[in-house]
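Hello,

Here is the structure for you to look over. My notes follow below it.

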There are 2 protein chains.
Amino acid sequence: MKRKRIPQTTIARLPLYLRYLLKLARKGLRIISSYELAEHVGTNAAQLRKDLSYLGEFGTRGVGYDVAELIRQISKCLGLTKEWKIAIVGMGKLGPALLGYKGFEQEGFKIVAIFDKNPKKIGKKMGNLVVSDVTNLKEVIEKVGGVDIGIITTPASVAQKVANQLIDAGVRAILNFAPVTLGVPSNVVLRQVDLTTELQILSFHLT
Amino acid sequence: MKRKRIPQTTIARLPLYLRYLLKLARKGLRIISSYELAEHVGTNAAQLRKDLSYLGEFGTRGVGYDVAELIRQISKCLGLTKEWKIAIVGMGKLGPALLGYKGFEQEGFKIVAIFDKNPKKIGKKMGNLVVSDVTNLKEVIEKVGGVDIGIITTPASVAQKVANQLIDAGVRAILNFAPVTLGVPSNVVLRQVDLTTELQILSFHLT
DNA sequence: AATTTCTTGTGAATTTAGGCACAAGGCTAT
DNA sequence: ATAGCCTTGTGCCTAAATTCACAAGAAATT
């Protein structure tokens, strides 16, 4: 097949496949069919096979997919072979919750710096990190040897300013929880997680 | 025009339009053009106009849109004219963070019950609610007169079980933060917020 | 070796979403 | 009035995503 660009929607599904595959691997399962995997991820077999076909041909016809091989290939595609360094800005309610979330480290995401602007929080120890002053964001990030992903958990009013600071400090990917649409240059990747929006979408469907 | 079904993608953008419109209204602005509104929401004018055209014709050619009227129409479309009642299950790290988030109540989402299974947490007061035993989920939800939306912030291992309990208690919409793909009947709306997935998508784009 | 039984991989068709470009319509000024 | 200027609303075309349906290939069986 002529290999094409991987669609956005496929990329968004790969992590779900990976998660279930890891679960299967822990259970000791070695082979899985497109049918069964799709079932557990809430999609259909045709979609799953097409998704995987963008990465290559890993299945065995008449048999299924080798779990370990698929894990390897998806991980490689998603760039999960290296450890990514993360900074969290905003230690209100959500920031500490994310900091304490075990899932990240397990998947190769390491939080290396945390920031706030409240003097009462700066210098405090949270987890095994110390809260830095957001004013020194660039210097702190340089001191830890750079950061790959910035997570914004500040109030909406300062989120754009924080995003600019992160970008200025060399951060190329941002995950924003603040309820505001951020503007970033095209060489920076931005993902938005918006709780109110999610609830409003649910509200629409309930109506 | 023949009115058609509103696309999923449009529905997901309406909350973003609404948020910026509310900001404009607070500033006292009364009229906005498709161009300017689109700009602030990270889309383009044609898309915005097409999105709004699914709801009706609210603009004035040569002028723009009336901010108050648009707010009214989008709110109506999203079903934001009534107050929705919410239950949060799982009072670990994330649950309390969501409970403390001011944004919900402002937008007409009221948290009316919170649950955990840890005996040390049950009975404790958080915010102005008391943590109930998840075992009694159905009865507690009945006692508060029913719940529209359930938010799951439990570990992945019990999320499906909790979802089933919520559905059994009459909940028709679920927002799941647990890192697992849930299965729900087709008359229940499900949205997934998955932090690890988001980071992995960013990782892909950084690679 | 041939046949049957699976399940993958993928062209082709279908559906859905996005964007262009311009006619339609309203406001302002002369 | 009428002309000129703006911005909306939308038909139509393009692009992206999904689904279908079947040939291709591998293992098991006769």
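**Contacts with DNA strand C**

A phosphate oxygen of DNA strand C lies 3.5 Å from a polar backbone atom of Gln8(B). Asn44(B) uses its side chain, with an N or O atom 2.8 Å from a phosphate oxygen. (A polar contact is a pair of N or O atoms within 3.5 Å.)

This is a predicted model: local features need pLDDT of at least 70, side-chain atom pairs count only at pLDDT 80 or more, and totals for chains, interfaces and linings use all residues. Residues are numbered from 1 along each chain as written, chains are lettered from A and ligands numbered from 1 in the order written, and side-chain values use heavy atoms, without hydrogens and water.

DNA strand C is surrounded by 29 residues (near: a heavy atom within 4 Å). Among the closest are Ser34(A), Arg49(A) and Lys50(B). By class, the surface has seven nonpolar, 13 polar and nine charged residues. (Ala, Val, Leu, Ile, Met, Phe, Trp, Tyr, Cys and Pro count as nonpolar, Asp, Glu, Lys and Arg as charged, the others, Gly among them, as polar.) Helix 3 of chain B gives the most, four residues. (Helices are DSSP runs, H or I, of at least four residues, numbered from the N terminus.)

**Helix packing in chain B**

Helix 2 (residues 34-41) and helix 3 of chain B pack at about 105 degrees, axes 8 Å apart. (Axes are lines fitted to C-alpha atoms over the stretch in contact; angles run from 0 to 180 degrees between N-to-C directions.) They are therefore roughly perpendicular (65 to 115 degrees).

Best wishes

Notes
A polar contact is a pair of N or O atoms within 3.5 Å; within protein, one must be able to donate a hydrogen and the other to accept it, and residues adjacent in sequence count only if both atoms are side-chain atoms. Helices (H or I, at least four residues) and strands (E, at least two) are DSSP runs, numbered from the N terminus. Angles under 35 degrees count as roughly parallel, over 145 as roughly antiparallel, 65 to 115 as roughly perpendicular and the rest as oblique.
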